[in-house]
Amino acid sequence: MTKKIILTNSMFRAVIASFLIFLLFYPLFLVKTKVFIFQGQIETDEPLDLTLYISPSQEHETLKTLFYKHIEQSGKFRVEMRENKLFGFQIVIQAKSDKIIWKNLSLIGAKKIPLSFENAVFEGVIEKTLSHNGQQAALKINPAYSSIVFHNISLPRAKRIYHLTPLTFICFLPIIWCLWRSPRKETINNIMFLLFPLMLLMVIKYCSFEHSYHLYYQKISLHNLWCLEQYEFIIFALVYALLAGAISFSKRWLKAICWVLLIVLTMILTVDGVVLHNLNARFIFAEMANYGSEYATAFHMLVSYLGTVQGRLMVLFCLSVWAIGHYQSRFSKCCYRYTLWLVAGFFVAASLLFKNNFLFDYAFYNVFEANQGTHQKRAYSESFVNKLKDSFAPEQSCIKGLNRRKNVIVIIAESLSVFSSHKLSGLHDYMPRLDNLMDKNAVYSSYYSNSYNTSSGIFSLISGLPSIHGFEGLSGGEGDVYYGDSLAQRLAKFGYKTYFLTAVEPNGPLEDIMYRSHFDEVSDYRDPYYQDKPKIVFNAPADEYLFANTLERIATYRDKAPFLMVVSTITGHGPYIHPHTKEASFEKTVGYVDDEIDKFISALEKMKFFNNGMVLITGDHRAMLPVSSEENIRLSPLAEGRVPLVIIDKEIKGEKKAVFSHNDVAPSLQYYLTSEGCFNRFQNNLFDNHDHENCILYQKLSPRDKVVVLCDHSQSVICLNGDETAYCEGHNEKMYVDYVNWLRLLPQL
């Protein structure tokens, strides 16, 4: 009787535990799909083909293909449309039958709405007969093509459908545990308890990289999951080695060291997860100081992370590790300690024996691999600095400029990437409007950012210098030496007024760039224009408001001195939230940015800005998403550095194929707009039909101590290593090594 009562109590607690697990981690066990359901009835004597185009925006011309359906026979049909919002759709009909009867069409979102044919627009219909209430239509159609267009649909929101996932069985683990709890099952229970953190880490890894995972594979398989998890094998080994040490060692100080290291490792993994979720980048130890004072931002990022599946599982992982430590006496038997050491050993061996072959896979790296390349921190000797000072200087030579004296706007679009352009890559068609602008204007098809993130990309474009991981860095009191020939100062010498506009709350490095470049005016998120505007990422309103503010300023400034206006956008930054639908989608966010840039250019055309004006459109860096194998093949070499450059100007047309980069913009604009252009030997002229080979420098994110020297017909790599900095892959002229050293030591020279 007592055993039954104990079992009943245990089962009751197990059921409560299962319910709590489901409530805490329901996103893991439920798949929520937002759909609209289009249904109705068709009567026809011949099979027909239906193609449905939908409009997720209020502009009816933005229709996109949703599905193609072949209907073999008359009867009811039902189609699900997975969209958050729906403003209109068009049914295109191709049929052998010349007469079709449509009945009882309806659209189901959060509620069901009958569709009346009286409000529809018919195309390619020879004859139509509608019922008195508009719910039925008999159509005689053109055999080649006909369509029915419904628009201005009034649906408040989509229908939400929930499906249980195979992982729901996790909820029943407490019950299974309870049923298995008996003396002869104790060993199995304890081993399962010890392996529980491992299962959590594997699921966290998959959830954290799900978008990148599908970018590579498009489908789930055990082999693909194995490839994805390989990067974390050393982390798994480290966790279990520390657990084994904490349980096995008899010395208290050794136990304490293991537990402290395990806590530190857990904190690093958590911070890496927070950064990855919010910024789609990895936690780089060396950059931590740049964001150390951003307490409010860090708090909001942490809260956002804890709202995700991986964030909640990370909390559960921490609790499970704590539980193992709290109940470590139950694992005193040798078999349990051996289990931990065997798990650690297995993953060490697996990490050494099995190598992955991803391309540009720093996003998949574990946090320690993402920080590899520490040689860039190695100091230079005093004798090396003095020798470089005496032997090298990138002197400028000035040539006669074209002196066009035009107003110029430079749009630096966040994360604008070549792989999003069908014209430049043939991979994706995420920005068709910008592709259309390329067809009509000048496009640079081999154009690169000089580095991998926003601050370094904007630094290169404004200063005219590549951003190299420095021994002293580009911040601090001596950083002004890098801005002596900034784009703003080059044009200000010739009477230009200069402005830098953004809507973002800048971090330390970006704020340094904005103010040290000596723009006449800087506008950021504190501009009164943005006070009542909704915020999206980085406490910034969407790009549409930045462009609207820019247009107002242009109307004010255009009749005064010629001006330079640098406009830096933010909406394209991860986690890629569409400002209107709030949907997390890289494709749709890029589509929004593409649309807003096109609207901005159209507004400038209406203002007749291009009668004496030009616009440059580029990206600060390639989007921080992995490079697929196909992208690497199509956009090689250095696919991870490719960004578009489009110049809209009445005098410049066509495709330019030579290699150029951000650090070429400042001297080139000086040459084009003023009476002279001053270039050092490492800068190229965007507006000159030259016959020499162009070369650029690109600072890699990982390994952090590698700098690529990319030329029109060759590529080599310089490894940063203090006095021993030299070519480590390929070879080029020594002056590029000297230039890299000069850039890093400039404050001391």
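This report describes selected local features of a predicted model, from a loop serine to a surface patch.

Residues are numbered from 1 along each chain as its sequence is written, and side-chain values use heavy atoms, with hydrogens and water left out. Because the model is predicted, local features need pLDDT of at least 70 and side-chain atom pairs count only at pLDDT 80 or more, while totals for chains, interfaces and linings use all residues.

**The loop between β14 and α13**

Helices (H or I, at least four residues) and strands (E, at least two) are DSSP runs, numbered from the N terminus. Ser-421 is found in the loop between β14 (407–413) and α13 (422–425). Its relative accessible area is 0%, so Ser-421 is buried (buried means under 20%, exposed over 50%, partly exposed in between, with a 1.4 Å probe and protein chains only). Leaving aside neighbours within four places in sequence, Ser-421 is in contact (heavy atoms within 4.5 Å) with Gly-426, His-428, Met-431, Asp-435 and Met-438.

**Backbone features**

Ser-415 lies in the loop between β14 and α13. Two residues other than glycine with positive phi are listed below.

| Residue | Phi | Relative accessible area |
|---|---|---|
| Ser-415 | about 60° | 5%, buried |
| Lys-608 | near 60° | 54%, exposed |

Lys-608 follows α19 and lies in the loop between α19 and β22 (613–619). Helix α19 itself (residues 586–606) has 21 residues and reaches 30 Å from its first C-alpha to its last, close to the expected 30 Å (1.5 Å times one less than the number of residues).

A cis peptide bond, with omega about 0°, joins Ser-636 and Pro-637. Pro-637 is in the loop between α20 (629–635) and β23 (645–648).

**A nonpolar surface patch**

Leu-302, Leu-306, Val-315 and Leu-319 form a nonpolar patch on the surface, with about 310 Å² of accessible area together. Helices α9 (295–306) and α10 (309–326) each give two or more residues to the patch. Leu-306, in helix α9, is partly exposed, with a relative accessible area of 37%. Patches are made of residues with over 30% relative accessible area and no salt bridge, like charges being joined within 9 Å and nonpolar side chains (Val, Leu, Ile, Met, Phe, Trp, Tyr) within 5 Å. A salt bridge is a side-chain nitrogen of Lys or Arg within 4 Å of a carboxyl oxygen of Asp or Glu. Accessible areas come from the Shrake-Rupley method with a 1.4 Å probe; for residues, only the protein chains shown count as cover.
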